[in-house]
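I opened my notebook to look at one helix and at some ring contacts. Here is what I looked up.

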Amino acid sequence: MPGSPAGVFAGIGETPLVELDFLEEIPDGARLFAKLESTNPGGSIKDRPVARMLSAALRDGRLDGDRRLLDSSSGNAGIAYAMLGAALDIPVTLVVPGNASRERLQRIRAHGAELILTDPIEGYDHALRETQRMAAEQPERYWHCDQYSNDENWKAHYHSTGAELLAQVGEAAGSAPDAFVAGVGTGGTITGAGHRLREANPDLHITCVIPDVFPGIEGLKPLGAPDDIVPAILHEDLIDERIDVRMEQATAVCRRLSKAGLFVGPSSGAYVHAALQVAATGRYPVVATVLSDGGERYASTGMWG
């Protein structure tokens, strides 16, 4: 990327790996590692797929002219779209559920993106359907990036998140992970990183975190109800196990992590909660997950009260 965008794009990825060895639930002989994704310039793991999706669209000529970049987001991808759109001088419109944290909406607006808020009771699927309607009705105005069906999304995690986990965990533990824990927002992380890690270890156990329906966990989709939209890029055949996690459980883990110096958001707490259950079985010596974003952008939600 020439000019000023280069610095932003260059800062994405190569995030640190931390070992959560201070959590007493981890049994002897097991180790739990996590990628600290809040160090990306947009503050979350979503910088990775958004950067790859935009780069591919510009390279292939799909994002050109005067059309606005359009997508739905729970918040973090929205920040990445707004940030990278500003760097590339691309106008951005985002459809976001109204219960996205105030801090995330402020960050999106700070980069100059247009925000359309939908009824939070209707959830992420309603925001997605509204985005699809807008794109279909005004194709001359919008280019729909559609992170839920864009293969560049999961490929970003295959080539970056998964590859980095292999290298960093391998250096720290001397082997590839035996288990990987993630959830589904778009399905990109669990699909892309899951494929890369399973190539290195065919016996890899993949656990998917499932949030409650409401109030839910920001960034994670409930799956299982007949009318739930299953993201097109989610490769469900990769998943060996699903663990239900409530917001109270995720928040409790976030507060514990903060006491150890790790300030992370609720999806990270949910992942660690599930990863501890996986580690506690004693069947997986090396467990890996991701800490998707930082805790600062949830101060207004009351989770730190």
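I count a contact when heavy atoms lie within 4.5 Å. I keep in mind that this model is predicted.

Entry one: helix H7. I looked up what covers the buried residues of H7, and the cover includes helix H6 (151-173), strand S7 (179-183), strand S8 (205-211) and strand S10 (286-291). I then listed the buried residues of H7: Gly188, Thr189, Ile190, Thr191, Gly192, Ala193, Gly194, Leu197 and Arg198.

Next I checked the length. H7 has 13 residues, 188-200, and at 1.5 Å a residue it should span 18 Å. Its end C-alpha atoms are 19 Å apart, which agrees. I also looked for a bend. H7 has a kink of about 25°, centred on glycine 194.

Entry two: aromatic pairs. How many aromatic pairs are there? I count two. One joins tryptophan 154 and tyrosine 158 edge-to-face, at 6.5 Å centre to centre and 85° between the planes. These two residues are four apart in helix H6, so about one helical turn separates them. Both tryptophan 154 and tyrosine 158 are buried.

Phenylalanine 263 and tryptophan 304 have ring centres 4.4 Å apart and planes at 35°, so I noted this pair as tilted. Phenylalanine 263 lies in the loop between helix H8 (247-259) and helix H9 (266-280), and tryptophan 304 in the segment after S10, so the pair ties together parts 41 residues apart in sequence. Phenylalanine 263 is partly exposed, at 34% relative accessible area. Tryptophan 304 is partly exposed too, at 25%.

I found the charged end of arginine 196 over the ring of tyrosine 158, 4.9 Å from its centre.

Key
Residues are numbered from 1 along each chain as its sequence is written. This is a predicted model: local features need pLDDT of at least 70, side-chain atom pairs count only at pLDDT 80 or more; totals for chains, interfaces and linings use all residues. Side-chain values use heavy atoms; hydrogens and water are left out. The expected span of a helix is 1.5 Å times one less than its number of residues. The bend at a residue is the angle between axes fitted to the seven residues ending there and the seven starting there. Buried means under 20% relative accessible area, exposed over 50%, partly exposed in between (1.4 Å probe, protein chains only). Rings of Phe, Tyr and Trp (its six-membered ring) pair if their centres lie within 6.5 Å; planes under 30 degrees apart count as stacked, over 60 as edge-to-face and the rest as tilted. A charge sits over a ring if NZ of Lys or CZ of Arg is within 6 Å of the ring centre and within 35 degrees of the ring normal.
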